[in-house]
Amino acid sequence: MLRKALKAERQILETYFAAFDKFEARFTPHLKSERVIKNHAQVAAAGEALYILFPQMTRERIDRLGDYLLERASQREALLAGDHPLVEDFWESFHYLNSDSRTRKHGWLNHSKDETKIILHLKEFAAACKDGGLSVPDIPLLKRHLVTSRRHAFVDKNKSYRSRWTGESAKYWWFEV
């Protein structure tokens with residue numbers, strides 16, 4: 001097979017580059033990220049170039065590969081546009097616990113007096129998770145990823161603020177609502 005590939009190198013590369021241009025043009029209207037477009041177009045083009053070595057591959061199979069890679073590229077782009085899974089879990093838990101009015105005041109984890117801000121203390125959040133029967137996240141890892149939050153944009157960390165609940169000043173994490 002290696003010998004066959006080396007003999008057909010020029011034809012494989014010509015097929016690859018032509019297919020890359022075709023797939024890049026096909027993916028571009030559907031996707032925004034140039035990196036995602038190019039990466040998935042390269043894989044699709046390599047798949048099409050394999051026809052030189054494996055002529056039993058049908059045109060239908062190559063087209064289905066292109067469709068599959070466009071679907072995967074769309075999924076990848078959606079994943080990149082969202083928050084890290086740890087941050088997503090954090091916000092789900094935060095909103096669940098913060099709205100739990102059976103045992104505490106509504107909004108009790110948000111110390112902000114301003115409705116456009118979320119100001120919270122991570123140790124208090126971790127304790128609330130434990131009390132609420134939720135899994136407690138790895139706080140050092142969470143801190144690394146929270147600064148990339150998109151759902152609620154990160155503003156600052158360890159910034160002093162006077163809590164609306166306790167009236168005392170402490171260092172909190174700040175986010176936009």
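Leaving aside residues up to four places away in sequence, Arg-59 touches Lys-22 and Glu-48, where contact means heavy atoms within 4.5 Å. The model is predicted, so local features need pLDDT of at least 70 and side-chain atom pairs pLDDT 80 or more, while totals for chains, interfaces and linings use all residues. Residues are numbered from 1 along each chain as its sequence is written, and side-chain values use heavy atoms, without hydrogens or water.

Arg-59 lies in helix H4; helices (H or I, at least four residues) and strands (E, at least two) are DSSP runs, numbered from the N terminus. With a relative accessibility of 42%, Arg-59 is partly exposed, since buried means under 20% relative accessible area, exposed over 50%, and partly exposed in between (1.4 Å probe, protein chains only). The C-alpha atoms of Ala-81 and Pro-140 are 23 Å apart, and the two residues are 59 residues apart in sequence.

The helix pairs come next. Two packed helices are described by the angle between their axes and the distance between the axes. Helix H2 (residues 9-27) packs against H4 at about 45 degrees, with the axes 11 Å apart; axes are lines fitted to C-alpha atoms, for helices over the stretch in contact, and angles run from 0 to 180 degrees between N-to-C directions. H2 is therefore oblique to H4, given that angles under 35 degrees count as roughly parallel, over 145 as roughly antiparallel, 65 to 115 as roughly perpendicular and the rest as oblique. On the H2 side, Lys-22, Phe-23, Arg-26 and Phe-27 meet H4 residues that include Arg-59, Asp-63 and Leu-70. By class, this contact of H2 with H4 has 4 nonpolar, 1 polar and 5 charged residues (Ala, Val, Leu, Ile, Met, Phe, Trp, Tyr, Cys and Pro count as nonpolar, Asp, Glu, Lys and Arg as charged, and the others, Gly among them, as polar).

Helices H5 (residues 85-98) and H7 (residues 139-146) have axes that come within 9 Å and cross at roughly 100 degrees, so H5 and H7 are roughly perpendicular. Leu-86, Val-87, Phe-90 and Trp-91 of H5 make the contact with Leu-141, Leu-142, His-145 and Leu-146 of H7. The residues of this contact of H5 with H7 are 7 nonpolar, 1 polar and no charged.

What about the strands? An open sheet is formed by 3 strands in the order E1-E3-E2, with antiparallel pairing; two strands pair if DSSP finds at least two bridges between them. E1 and E2 each have a single partner strand and stand at the edges, so one side of each lacks a neighbour in the sheet. From one strand to the next, the twist averages 35 degrees. H5 packs on the sheet, touching E1 and E3, and its direction makes about 90 degrees with that of E1.

Strand E1 (residues 117-120) is covered on both faces, with Lys-117 and Ile-119 buried on one side and Ile-118 and Leu-120 buried on the other. E1 is joined to strand E3 (residues 169-176) by 4 bridges, and Ile-119 stands opposite Trp-174 in E3. Between E2 and E3 there are 6 bridges; Ser-160 has Lys-171 in E3 as its bridge partner. Strand E2 (residues 154-162) also holds Asn-158, whose phi is near 55 degrees, a positive value in a residue other than glycine.
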